[in-house]
Amino acid sequence: MNYPKHVALIPDGNRTWAKEKWFIPFVWHLEWFNRAIEITQHIFSNTPIEVFTIWGLSTENLKNRSDKELEYLFEIYKKIPQELFEFLKENKINFKVAWDKDKLPQHLIDFLNTKEKELETLSWKTLVLAINYGWQDELLRWIKKLCDNKEKVTKENLEKYLDFWWLPPVELVIRTKQKFAKRLSWFMLWWIGYAQLYFTDLYCPDFTIEEFNKAIEWYSSTLKTQNYGK
């Protein structure tokens with residue numbers, strides 16, 4: 001089995017899943033949280049994958065969700081490093097956040113900044129949570145930093161201002177809810193140029209460890225035909 005170094009998950013379909021089951025509001029986010037915890041523990045316990053990135057909230061989500069739902073989500077984002085804290089610490093796994101902090105509540109920023117520092121370790125293994133993240137927003141932010149510092153436009157100068165500058169390129173992107181969302185939605189475009197794209201018909205709450213392993217098997221099977229620009 002050939003494993004990617006960096007896997008990114010776009011967990012889509014929570015709302016549709018909940019509507020089909022007639023669940024109470026916001027319970028779908030809790031199910032998404034449970035899958036995220038399970039898959040994270042599986043990745044860092046049973047595979048050589050070094051980086052797992054989860055897209056928790058896009059810049060568009062932040063604009064279009066109600067304040068009540070966003071507050072619920074913010075608590076979920078706090079629960080992820082809380083629930084995984086001992087696991088990440090014991091296994092020397094970094095916790096990092098990729099985000100535009102300016103539009104997020106201060107209590108969330110302070111909490112996640114603290115967890116980043118507490119879980120910082122000299123290891124390549126990293127769990128990344130992307131919150132209020134979108135490629136267009138990231139692009140505008142790093143162009144502004146480049147201009148403010150009056151630096152030349154080079155690949156190296158651009159990369160050092162990116163939210164994911166310290167990470168290896170993404171080699172596998174998984175997105176749930178294929179029938180309705182076979183797209184990337186401006187996710188990490190700088191880093192996924194050669195990534196394999198795996199779209200599953202399952203909604204995020206139904207995307208189990210078993211299904212994740214199927215995605216890895218599919219990724220491994222595709223490598224025989226890939227030249228990656230050679």
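Which side chain does glutamate 118 meet in a salt bridge? Lysine 115, at 3.2 Å from N to O. Keep in mind that this is a predicted model.

Let's stay with that pair. Both residues lie in helix 5, three residues apart, which is about one turn of the helix. Glutamate 118 is partly exposed, because its relative accessibility is 32%. Lysine 115 is at 14%, so it counts as buried.

Now the packing around them. Helix 4 covers residues 67–90, and helix 5 covers residues 106–118. Their axes come within 11 Å and cross at roughly 10°. So helix 4 is roughly parallel to helix 5. The crossing is left-handed. On the helix 4 side, the contact includes Phe74, Tyr77, Pro81 and Phe85. On the helix 5 side, it includes Leu108, Phe111 and Leu112. Lys115 and Glu118 belong to this contact too. The residues of the contact divide into seven nonpolar, two polar and six charged.

Back to salt bridges. How many are there in the whole structure? The search finds ten. Here are two others.

Take helix 2, residues 27–46. Glutamate 38 forms a salt bridge with arginine 35, with the closest N and O atoms 3.1 Å apart. The two are three residues apart, so about one helical turn separates them. Glutamate 38 is partly exposed at 31%. Arginine 35 is buried at 12%.

Next, helix 8, residues 209–222. Lysine 214 pairs with glutamate 211 in a salt bridge, N and O being 3.3 Å apart at their closest. Again, three residues apart, about one turn. Lysine 214 is partly exposed at 38%. Glutamate 211 is buried at 17%.

Conventions
Residues are numbered from 1 along each chain as its sequence is written. This is a predicted model: local features need pLDDT of at least 70, side-chain atom pairs count only at pLDDT 80 or more; totals for chains, interfaces and linings use all residues. Side-chain values use heavy atoms; hydrogens and water are left out. Axes are lines fitted to C-alpha atoms, for helices over the stretch in contact, and angles run from 0 to 180 degrees between N-to-C directions. Helices (H or I, at least four residues) and strands (E, at least two) are DSSP runs, numbered from the N terminus. Angles under 35 degrees count as roughly parallel, over 145 as roughly antiparallel, 65 to 115 as roughly perpendicular and the rest as oblique. A crossing is left-handed if the near helix is turned anticlockwise from the far one by less than a right angle, and right-handed if clockwise. Contact means heavy atoms within 4.5 Å. Ala, Val, Leu, Ile, Met, Phe, Trp, Tyr, Cys and Pro count as nonpolar, Asp, Glu, Lys and Arg as charged, and the others, Gly among them, as polar. A salt bridge is a side-chain nitrogen of Lys or Arg within 4 Å of a carboxyl oxygen of Asp or Glu. Buried means under 20% relative accessible area, exposed over 50%, partly exposed in between (1.4 Å probe, protein chains only).
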